[in-house]
Amino acid sequence: MKHTFVFTLTFLSACIGNDQGGFVQPSCTIDGGSGVPTWTRESTPTTANLRAVWNTTGVACAVGEGGVAIRKSADIWFATPTGTTATLRSTHGNAATNVYAVGDGATAIISYDNCSSWQALPPPPAPVDLHGITAALNSSTVAVGNMGTIIRLTGGGWESLPSNT
């Protein structure tokens, strides 16, 4: 059986995270109140390498190679169509109704429904691979990528920000 691996490091809470080169273990229990997470492997509907995971109350989303996206609801992982085959390298949201994912070839997608389905965002101004995205509660969404790219999503699409690199 092929293991599902992730390649970024993000800890979203005491029990949600992904590990450099480790198996995606997006849930845990706290051991006897000691505050130490006890990680458990979970079955997923994919054998693709996953690159990032994000969660909020009641739902977790993971994205990865080949445009794969999966969501966890009620302790079950489900595959969700993204409309892309590009590797997705990062995902983040400011609510379950605003979850973003970015990746290779300037791919940028959004889910408005708890990661159940995805749709393309306007293309960024530069055709570079995007490696990270963050979506703040104040609706400020920023992505970063190759060649010092920093872009911010506005009502009219993406705008480039200076990176001084």
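A residue is called buried when its relative accessible area is under 20%, exposed when that area is over 50%, and partly exposed in between, as computed with a 1.4 Å probe on protein chains only. The structure described here is a predicted model, in which local features need pLDDT of at least 70, side-chain atom pairs count only at pLDDT 80 or more, and totals for chains, interfaces and linings use all residues. Residues are numbered from 1 along each chain as its sequence is written, and side-chain values use heavy atoms, with hydrogens and water left out.

The description begins with charged side chains. The structure holds 3 salt bridges, a salt bridge being a side-chain nitrogen of Lys or Arg within 4 Å of a carboxyl oxygen of Asp or Glu. One of them joins Glu65 to Arg51, with 2.6 Å between the closest N and O atoms. This pair links distant parts of the chain, 14 residues apart: Arg51 belongs to strand 5 (residues 50-56), whereas Glu65 lies in the loop between strand 6 (59-64) and strand 7 (69-73). Strands (E, at least two residues) and helices (H or I, at least four residues) are DSSP runs, numbered from the N terminus. Glu65 counts as partly exposed because its relative accessibility is 23%, while Arg51, at 14%, is buried.

A salt bridge also forms between the side chains of Arg89 and Asp104, at 2.5 Å from N to O. Here too the pair links distant parts of the chain, 15 residues apart, with Arg89 in strand 9 (residues 88-95) and Asp104 in the loop between strand 10 (98-103) and strand 11 (107-111). Arg89 has a relative accessibility of 19% and therefore counts as buried; Asp104, at 18%, is likewise buried.

The remaining salt bridge connects Glu159 with Arg152, whose closest N and O atoms are 2.4 Å apart. Glu159 has a relative accessible area of 31%, so Glu159 is partly exposed. Arg152 is also partly exposed, with a relative accessible area of 30%.

Strands of a sheet pair through backbone hydrogen bonds, either parallel or antiparallel. Two strands are said to pair if DSSP finds at least two bridges between them. Strand 10 and strand 11 are joined in the antiparallel sense over 5 bridges, and Ala101 stands opposite Ile109 of strand 11.
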